[in-house]
Amino acid sequence: MLTCVACKIMECIIASEMLSYLRAHDVISKQQHGFLSRRCTNLFECLNDWTLALHNRKSVIALYVDFAKAFDSVSHNKLCHKLLSYGIDGNLYSLLENFLADRSQCTRVGNSCSMNIRLSSSVI
């Protein structure tokens, strides 16, 4: 079943408030670019650094590793542990923990559905 509109609205509100909290407590580093609005891309920032280095006659060595799909799923237990370590607790933590608990999924094609499987990680 797809997520209902009310749930999507609640997710947006929670994500916005959590981002504000994490920024206010300096949890998100200046080097974080992914999934944040109004941040220049990492490549743009590197290009700027390289241009400055070359302008100052310094050498530039760059190594990029493509971790495609490396962060596509998140362990629910590890996520909950990380939330607690950042000071996210109380009612919000309980809501998130309950939201992630006992999740399952199935695949539907036409009128046929696969068996439900329990999820311990998912795309967040």
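Reader: What follows helix 4, and what is its phi like?
Author: Aspartate 102 follows helix 4, and its phi is positive, near 50°. Keep in mind that this is a predicted model.

Reader: Back to the helix. Which residues of helix 4 are buried?
Author: Tyr93, Leu96 and Leu100 are buried in helix 4.

Reader: Where do they sit around the axis?
Author: They are on the same side of helix 4, because the arc they cover around the axis is only 70°.

Reader: And what is exposed on the other side?
Author: Asn91 and Asn98 are exposed on the other side of helix 4.

Reader: What covers the buried residues of helix 4?
Author: The cover includes helix 1, helix 3 (76-85) and strand 2 (103-105).

Reader: Leucine 95 now. Where is it found?
Author: Leucine 95 is in helix 4. With a relative accessible area of 39%, leucine 95 counts as partly exposed, because that label lies between buried, under 20%, and exposed, over 50%.

Reader: New topic. Which residues make the nonpolar surface patch?
Author: Val5, Ile9, Met10, Ile13, Leu92 and Leu95 make the patch, which is about 530 Å². Helix 1 (5-24) and helix 4 (90-100) are the elements that give two or more residues to the patch.

Reader: Which element gives the largest share of it?
Author: Helix 1 does, with four residues of the nonpolar patch.

Conventions. Residues numbered from 1 in each chain as written. Predicted model: local features only at pLDDT ≥ 70, side-chain atom pairs only at ≥ 80, totals over all residues. Heavy atoms only, no water. Patch = residues over 30% accessible without salt bridge, like charges linked within 9 Å, V, L, I, M, F, W, Y side chains within 5 Å. Areas by Shrake-Rupley, 256 points an atom, 1.4 Å probe, with all protein chains shown as cover. Salt bridge = Lys/Arg side-chain N within 4 Å of Asp/Glu carboxyl O. Buried < 20%, exposed > 50% of the residue type's maximum accessible area, 1.4 Å probe, protein only. Arc of directions from axis to C-beta. Contact = heavy atoms within 4.5 Å.
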